Amino acid sequence: MNFKETWRRVQEVTGFDRQTQLAEFLGIGPASVTNAKRADSFPSSWALKIGEKWGVNTDWILTGKGQKYSKEGVRESHEAFNDQDLSGFIFVPQYDVKAAAGNGIDIQSEYVVDYLAFKKAWVKKKLNVSPGKLVLINVSGDSMEPTLKDDDLILIDTGIREFKKNALYVLNLGGELQVKRIEYVPGGDLIIKSDNPAYTPFTARGEQKDLLIIVGQVVWFGRQI
């Protein structure tokens, strides 16, 4: 999904001559388009929205292959999506960042590489979180096995920036992202632990707790079978 070539095809069907017009149409900030351009990747969710609006096959937008237009438009490949359906979805950004389930990994970048669609009703009813605070990143490492495995996709509620309850959190420890389980113990201490018993837990006390930067709480994960 080369950005330059995909953008050329988008211009062809939309008439856009500026990338700020694309951002306005998608309802996102111009920086997201700039980041996608830098990463040389055009998110498929953007192509889906464009295809729905202009009746163009999404595959053609992304690859330049196949039929440009079809009698049924993009419903030929994406029957579940139409203008009414899209209004019931939120598109959560996936960042080119990995959170280590191990000894930590440097933050790799802050580029948005794609967007995943989630039903608004499901997010509100099942997750009970604010849709605008959700982000997606991948896991790296094995310290959270068997709960989380290497390369699992995790959904993070970044609206939670402090300890709320015993749960999984993404932490920024010295500039490194880690996925850990935080548990409260009597006396006010917090135990930072892994689900994999091969990794030793540690306890945050007093000022250590103030230095603990919580990026967000893990509220969902997905993986390839």
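**Note on aromatic pairs, cores and strand pairing**

1. F16 has a relative accessibility of 12% and therefore counts as buried, because the limit for that class is under 20%. The model under review is a predicted one. At 29% relative accessibility, F25 falls in another class and counts as partly exposed, since this class lies between the limit for buried residues and the limit of over 50% for exposed ones.

2. How many aromatic pairs does the structure hold? There are seven of them. In one, formed by F16 and F25, the ring centres are 6.3 Å apart and the planes stand at 55°, so the pair is classed as tilted. The reason is that stacked pairs need planes under 30 degrees apart and edge-to-face pairs need over 60, while the rest count as tilted.

3. Are the rings of F118 and W122 stacked or tilted? Their centres lie 6.1 Å apart and their planes meet at 20°, so this pair is stacked. F118 is buried, with a relative accessible area of 7%, whereas W122 has a relative accessibility of 30% and counts as partly exposed. The aromatic residues F3, F42 and W46 form one cluster.

4. Helix α3 spans residues 30-39, and its buried residues are S32, V33, N35 and A36. Why do they lie on the same side of α3? They cover an arc of only 160° around the axis, which places them on one side of the helix. As a general point, an α-helix has 3.6 residues a turn, so residues three or four places apart point the same way. Just after α3, D40 takes a positive phi of about 55°.

5. The largest nonpolar core has 21 residues, and those that touch the most other members are F3, V10, L22, F42, W46, I50 and I61. Which elements each supply at least two residues of this core? They are α1 (3-14), α2 (19-26), α3, α4 (44-54), α5 (58-63) and β1 (89-100). The largest share, four residues, comes from α1. Apart from this core lies another, of 15 residues, among them A99, I137, V139 and V170. In soluble globular proteins, nonpolar side chains tend to be buried together.

6. Strand β6 (residues 167-173) is mostly covered, with six of its seven residues buried. β6 pairs with strand β7 (residues 176-184) in the antiparallel sense, over seven bridges. Within this pairing, L173 stands opposite E176 in β7. The hairpin of β6 and β7 has two residues between the strands, and in this hairpin G174 takes a positive phi near 65°.

Methods: Residues numbered from 1 in each chain as written. Predicted model: local features only at pLDDT ≥ 70, side-chain atom pairs only at ≥ 80, totals over all residues. Heavy atoms only, no water. Buried < 20%, exposed > 50% of the residue type's maximum accessible area, 1.4 Å probe, protein only. Pairing = 2+ DSSP bridges. Phe/Tyr/Trp six-rings, centres within 6.5 Å; stacked < 30°, edge-to-face > 60°. Arc of directions from axis to C-beta. Core = buried A, V, L, I, M, F, W, Y, C linked by side-chain atoms within 4.5 Å.
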